[in-house]
Amino acid sequence: MFSRDRWDEILQALTANKFRTFLTAFGVFWGITILVLLLALTNGLRNGVTADFGNFATNSMFMWTQGTTKAYKGLPKGRRFNFKLEDVETLKREIPALRYVSPRHQLGGYNGANNVVRGTKTGAFTIYGDYPEYIKQQPMDIIQGRFLSYSDIDSKRKVCVIGEDVVKAMYDKGEDALGTYVKINGVNFLVIGTFKASNSGDQEEDANTIFMPFTTFGQAFNRGDSVGWMAITAKDGTSVTSVKAKILELMRASHKVHPEDERAIGNFDLSEAFGRVNGLFSILGFVGYFVGALVLMSGIIGISNIMLIVVKERTREIGVRRALGASPWTIKSQVLQESLLLTIISGMVGISFAAFVIFIMNYILDQSGPVDNFANPSVSMSVIFIALFILVVSGLLAGLIPANSATKMKPVDALRME
Amino acid sequence: MIEIKDLHKSYHMGNNSLHVLKGINFSVKEGELVSIMGSSGSGKSTLLNILGMLDEADEGSYTLGDVPIKNLNEKIAANYRNKFLGFIFQSFNLINYKSALDNVALPLYYQGVKRKERAEKAMHYLEKVGLAEWSHHLPSELSGGQKQRVAIARALASDPKVLLADEPTGALDTKTSYEVMDLIQGINDEGKTILVVTHEHDIAQMTKRIVNLKDGLIIDDSKVEQIRASAHV
C-alpha cells in the first residue's frame with residue numbers, strides 16, 4: 001500500500017500548497033502539544049503534592065486524645081485522659097486487620113526550645129519515643145549503626161538514633177557520632193545509629209529528629225505507662241478507613257468516653273486524605289485528556305476541512321485520474337493517506353515539541369530548586385502511545401468524509417467541473 | 001471494434017427530462033479514424049462519454065472489442081477505461097503539479113506497471129510526440145500544442161484499443177490544430193482506432209469518416225476523402 005509511487009503521489013499533493021499544508025498541520029501540532037503538556041503538568045502537580053505525604057505508609061491513621069466533651073458514667077465533661085500501653089494490646093487483639101500499632105511519645109518539635117546538648121553545642125530537635133516497627137511505617141535510611149530494637153525496649157536502654165541534620169549541628173565535620181553521648185533534657189543517651197529520610201517528604205523536618213526507645217522515653221521523662229499518640233497501619237487489602245470506626249469505638253469504651261463523643265479522640269486518616277488527593281488527580285488527569293482531546297479535535301476538524309477543500313479543488317483532477325483508470329478505492333485511500341500522513345507527522349512534531357518544553361521546565365526546576373506542590377512534570381511512554389493512537393484514529397476520521405466526497409461525483413461530472 | 005445498438009440517454013433535471021440520445025446505431029471497425037460532428041446539444045459529447053464509460057446509457061447495447069459494456073460498477077469501469085481507452089480532452093486535463101513524463105506515466109501507474117518500466121514507456125511515447133526534451137517540464141511551462149501532445153502521449157501510454165478525442169483542437173489555433181491532427185493521423189496510420197468529436201469542418205475533413213449528429217440521431221454517416229494535415233502545416 002505504501003509503495004514509493006504512493007509516497008510520491010502524496011508528497012506531491014501535500015507540497016503543492018506548502019503554506020496551507022503547514023497551517024493545517026499546525027492545528028494538530030498545537031492540539032497534541034497542549035494534550036501532552038496538560039498531562040505533564042497534571043503529573044507534575046501530582047508528584048509535588050504526593051511528595052508532601054512523604055513515604056509514610058499510606059494505609060495509616062494517627063490518633064490522639066483531646067479531652068471529653070460529654071459527661072458519661074458519672075465522669076464530668078472536659079476530663080483529660082491518656083492512651084495506655086494496654087490500649088495498644090487491646091487494638092492488636094481485637095482488630096486482626098491492623099498491621100502495626102505504634103504508640104509514640106514526642107518532645108520538642110516545631111519552634112521548640114533547645115533541648116539537646118553535647119559539649120559546647122546545643123540544638124532544638126524533635127525527640128520521639130518509638131517501637132522498632134515504626135521504621136516500617138515511615139521508611140528511613142540508616143546510614144550508620146542500627147535502628148531501635150526490642151532488646152532496647154525491654155531493657156529500657158538509654159540509646160538514640162539521630163538524623164543527619166542533628167549530626168551536622170552537634171558534631172564537627174568528620175567526627176564519628178556512633179558511640180558518643182548526647183544530653184537530651186539533661187539525660188545522657190548513647191548514639192547507636194544515624195539516619196537520613198529516604199528521598200521524598202518533608203526531609204528537613206525528618207532529618208532534625210532523634211528516636212529513642214518508647215520505654216526509655218517513658219521512664220526518662222516521667223510518662224509512666226501513658227501513650228502520647230498512636231500511628232496505626234492496617235494490613236494490605238484492608239483500608240484503615242474501614243476499621244477506623246471500630247478502633248475509635250474500642251478506645252472510647254476502654255476510657256469511659258460517651259460513645260457519641262466525637263471530639264474526645266482526635267484522628268487523622270492518612271489513607272483517606274491520600275485517597276482524596278489521588279482522586280483529585282485522577283479527575284485532573286481526566287480533565288487533561290478531555291481538554292487536550294478537544295483542542296486536538298479542533299485541529300482534526302481543521303485537517304478534515306482542508307482536505308474537503310483540497311478534494312473540491314481537485315475534483316477535475318480526480319475526474320481525470322478516474323478517466324485514466326484510477327479505481328474509487330485508489331482515490332479514497334490516497335485522500336485517507338494524505339490526511340493520515342499530515343496528522344501523524346504534525347502530531348509527532350507536537351509530541352517532540354511538548355517533550356522539549358517539559359525538558360526546559362525540568363531544567364528550570366532543577367536550577368531554581370524545589371517549588372511547592374510541583375515536581376518533575378513528565379508523561380509516561382503509555383501516554384505517548386495513547387496520543388499516537390488518538391492521532392492515527394483521528395487522522396483516519398479526518399480523511400473519511402473528504403475521501404468519500406472525492407468519489408461521490410460521477411467522473412463525467414467531475415471532468416466538467418471548472 | 002465498437003458496436004452500438006439503439007442507444008438512448010436522457011437527463012433529468014427536476015421535472016424536466018431531456019432526451020439527448022434517441023436511438024443511436026453505430027459501429028466502428030478497427031483502424032478507422034471517425035469524426036463525430038454536430039451542433040452543440042446534438043448529443044455528440046454525451047455519445048463520447050458513454051463510449052468512454054464515463055457515463056452510462058439508459059437503453060441499448062455497447063460492445064467494445066468483444067467485451068459487452070453493461071452493468072459496470074465504478075471499479076470495473078475504471079479498469080476497462082484504463083485497459084481499453086485513451087482520452088484526449090479539449091482542455092488537455094494534465095495534472096499541473098506533475099511533470100510531462102509523470103503525466104504520461106499515470107495510466108501505467110494505475111495499471112501497476114513498475115516504476116522503471118513506466119518511465120521508459122512514458123519516455124518512448126513522449127519521443128513519439130516529439131517532446132522528449134520537455135519530459136521534466138511542468139504543464140505550465142508548455143505551450144497549448146505541446147500540452148495536447150503530452151495528453152496524446154498519455155492517451156497512448158496504456159496502448160488502448162480506442163482513442164477518444166473530445167474537441168482535441170478546440171483550445172488551439174489553426175496552425176497548432178493542424179499539427180495535432182497531423183499527429184493523430186500518424187497514430188491512425190499505425191493502425192489505432194480513433195474517434196474525434198469536433199464541430200470544425202476542416203478538422204472533420206482530416207478524418208476518414210464523418211458521422212453527423214442532430215437532435216440525438218445520426219442524420220448522416222459517410223466516408224470522406226482524407227485531407228492530410230501535413231499539407232497545411
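The model is predicted, so local features need pLDDT of at least 70 and side-chain atom pairs count only at pLDDT 80 or more, while totals for chains, interfaces and linings use all residues. Residues are numbered from 1 along each chain as its sequence is written, and chains are lettered from A and ligands numbered from 1 in the order in which they are written.

Let's start where the chains meet. Chain B brings 20 residues to the contact and chain A brings 18 residues; two residues are in contact if their C-beta atoms, placed from the backbone, lie within 7 Å. On the side of chain B that touches chain A, helix 2 of chain B gives the most, with six residues. Helices (H or I, at least four residues) and strands (E, at least two) are DSSP runs, numbered from the N terminus.

Next comes the sheet in chain B. Four strands form an open, antiparallel sheet in the order 2-1-4-5; two strands pair if DSSP finds at least two bridges between them.

Strand 1 (residues 2-13) and strand 2 of chain B pair over 10 bridges, and His8(B) has Lys22(B) as its bridge partner in strand 2.

Finally, Phe81(A) sits in the loop between strand 1 (60-65) and strand 2 (83-84) of chain A. Leaving aside neighbours within four places in sequence, Phe81(A) is in contact with Thr65(A) and His255(A). Phe81(A) and Ser226(A) are 145 residues apart in sequence, and their C-alpha atoms are 9.3 Å apart.
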